[in-house]
Structures are given as C-alpha cells and as structure tokens.
Amino acid sequence: MHQRVAITGPAEPEARLAELRADLAARLYGKQHVIDHALVCLLAGGHLLIEDAPGMGKTTLATGLARVLGLDFSRIQFTSDLLPGDILGLSVYDPARTNFVFRPGPIFHALVMADEINRANPRTQSALLEAMAEGYVSIDGATRALPRPFHVIATQNPADQGGTFALPDSQLDRFLMCLSIGYPPPEAERRLLGGDMPVGDAARPAASLDLAACQAEVARVAVTPPLIDYLLALIAASREPRDFITGLSPRAGIALRRAAQAQAWLAGRDHVRPADVQAVLGPVVDHRLTLAQATEKRAPSAVLAAQVRLD
C-alpha cells in the first residue's frame, strides 16, 4: 500500500555557488551531479564515501573540494599494514624534555581524505569512528579536539576487488552520503584523450567559501511540518520487513533532513521542498539499506521512493 503525503511549494529560484561549482567542474569533467552531491554532503556537515574503481577521479574531487572550500587538507593512503597510530598520532619520548610529547597524526586537519579505506584492516578502519562521530579522539587517556569544521572524504574500491575489507555497518552509517563517480561521458573522455587535462591541484580557485558560515545558514533552512511528514513516511517505509532487512535509524533520518536542507540552500531557497529530499535520497540511504529480496534489481532508494507518493 502506498502512503500519500500532500506538500506544495513555490517555484525554484536560480542555483547558488555557480562560480565554485564551475571551478570544480573544471577539475572533474562531465560530473556536475557528483560535484553537487559532494558539496551538499559537506554543507550538511557530513562525511562523504566515494566508492569506485581506481582512476575515476576520486582524489581529484577530494582535493578540489579542499581548495574550493579553503580547508586545511590531509591525505591518508590506507594499506594493509597501516596502524591506528599512523592516523591518530603517537606520544614520542623527547630526551630534551625527559617526557613524552604527543605528535598529532594526519587526522588533525579540517578535511581528511582516507584513500582506499577498505584496504586497511578493521582495527585501523575503526580508528576513524570516534573522530567521525564526535569530532575528537581519545589518545593515551586524553581527549583531543579536532578542527571545526572537520570532514572525512573516504574512497573505497569495489568489494569484489582483491585485498579489501568490507566496512562494518556502524562505520558506513557515519558517512552522510555515498557516491559513485562512474565513467566520464563520451565528450568529456574525448577531451581527456585529446590532452585537455583538468585543472591541476596546484591551481587556486577563483574564490573560496567560508564553510562554517554556510553550514550555519544551511541549518536555518526551514523544514515545514508537511515536509517532516514526508520524511517520516519514508523512514517508516524503510522499516517494512518485506522490503528491507533493516530500516533507517533515527540518525539516518536526521542525515536525510540535513542533506535536503543543504540541497535547498545550494539551489538558493530558504525552505526544503520534496524535490530536495528526492534529489539526495539515493546518496543518503542506499549504503544504509539492504533489500530483503536479493534478486531485486532496483536501488534501495528507488524501492523506498515507490512506497511513498506525494499529492
């Protein structure tokens, strides 16, 4: 049975951040929708997971976001021998001071790229959990705050590739959105093969963005009671055992609301519309939901959206 929710809204105004989006588009050809979703994720204050094969532009997108947003950036290459201390930092004995001094690891940056995160073992992967969830880390009995804002952009190779460790559900849930870049469209690939390479990482963007200020504006984007009803209907439909093994958690529902607010803000509006929720539904829920029917060919978000109609 379909649930019906009635929502109306005014016409959509022009999109914002055109200059910064164009700067990112010059770094990643033909992938404006991926760029917009990545911006939405960071504007919503979340962490981003990019799952794709090597060489698809994952690093290009992460470094481009860091430069456009003016964030202090660090890249961690995950390997099978990486240890938690390589991420968080270590206390090292200083003979001059005759005591131990903490040397912060690469996690202490505003934007951290965890490259090929699923090539590290689960113990090392878990070193990110507290940082992603709480914004601080506990090391040697001391709690150390991370920069604000703090974001992780993690990349992972497809699970069927050798040498990978699947991320546990608890860690997947820490990522507000999961994206796949995919192959470039023919015209974009023609440009690449013709030697028209994207803007390099050393090039500075035309303008940067005060991310913390923008996130504060995003949080003020209005979410009306009828829109809340729509979100609740989607969450309830995800908990239908005949369709999904496990439903969306309250944290996932909050993530969906925050992403919809960021989507509306990016479009220049001060309120969320159903189209904003629908635009971010897949990246927010597909890595959180598993279909009950293994033979189902549709994405979990498509099955979920079919259960809730708007009047």
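**Close-up 1. Glycine 45 follows helix α2 and has a positive phi.** In this predicted model, the phi of glycine 45, the residue that comes after α2, is near 85 degrees.

**Close-up 2. Helix α2 covers residues 32-43 and is largely enclosed by the rest of the structure.** From its first C-alpha to its last, this helix of twelve residues reaches 16 Å, which is close to the 16 Å expected at 1.5 Å a residue. Ten of the twelve residues are buried, and α2 is therefore described as largely enclosed. The buried residues are Val34, Ile35, Asp36, His37, Ala38, Leu39, Val40, Cys41, Leu42 and Leu43, so that Asp36 and His37 are listed as buried along with residues such as Val34 and Leu43.

**Close-up 3. The largest pocket holds about 400 Å³ of space.** By residue class, the lining of the pocket divides into eight nonpolar, six polar and seven charged residues.

**Close-up 4. Tyrosine 93 and phenylalanine 100 form an edge-to-face aromatic pair.** A pair of aromatic rings is described by the distance of the centres and the angle of the planes. The count of such pairs in the model comes to two; in the pair formed by tyrosine 93 and phenylalanine 100, the centres are 5.4 Å apart and the planes stand at 70 degrees. Tyrosine 93 counts as partly exposed because its relative accessibility is 43%, whereas phenylalanine 100, at 59% relative accessibility, counts as exposed.

**Close-up 5. Phenylalanine 102 pairs with phenylalanine 108, and arginine 144 sits over the ring of phenylalanine 102.** The ring centres of phenylalanine 102 and phenylalanine 108 are 5.9 Å apart and their planes are at 75 degrees, which is over the 60 degrees required, so the pair is edge-to-face. Both phenylalanine 102 and phenylalanine 108 are buried. The charged end of arginine 144 is 4.0 Å from the centre of the phenylalanine 102 ring.

**Close-up 6. Arginine 191 lies over the face of tyrosine 29.** Here the distance from arginine 191 to the ring centre of tyrosine 29 is 3.8 Å.

Terms used. Residues numbered from 1 in each chain as written. Predicted model: local features only at pLDDT ≥ 70, side-chain atom pairs only at ≥ 80, totals over all residues. Heavy atoms only, no water. 1 Å grid on protein atoms, 1.4 Å probe; cavity = no way out; pocket = protein on both sides within 12 Å on 5 of 7 lines; lining within 4 Å. Points joined across faces, edges and corners; volume = space filled by probe spheres on them. Nonpolar A, V, L, I, M, F, W, Y, C, P; charged D, E, K, R; others polar. Phe/Tyr/Trp six-rings, centres within 6.5 Å; stacked < 30°, edge-to-face > 60°. Buried < 20%, exposed > 50% of the residue type's maximum accessible area, 1.4 Å probe, protein only. Lys NZ or Arg CZ within 6 Å of the ring centre and 35° of its normal. Helix = DSSP H or I, 4+ residues; strand = E, 2+ residues; numbered from the N terminus. Expected span 1.5 Å × (residues − 1).
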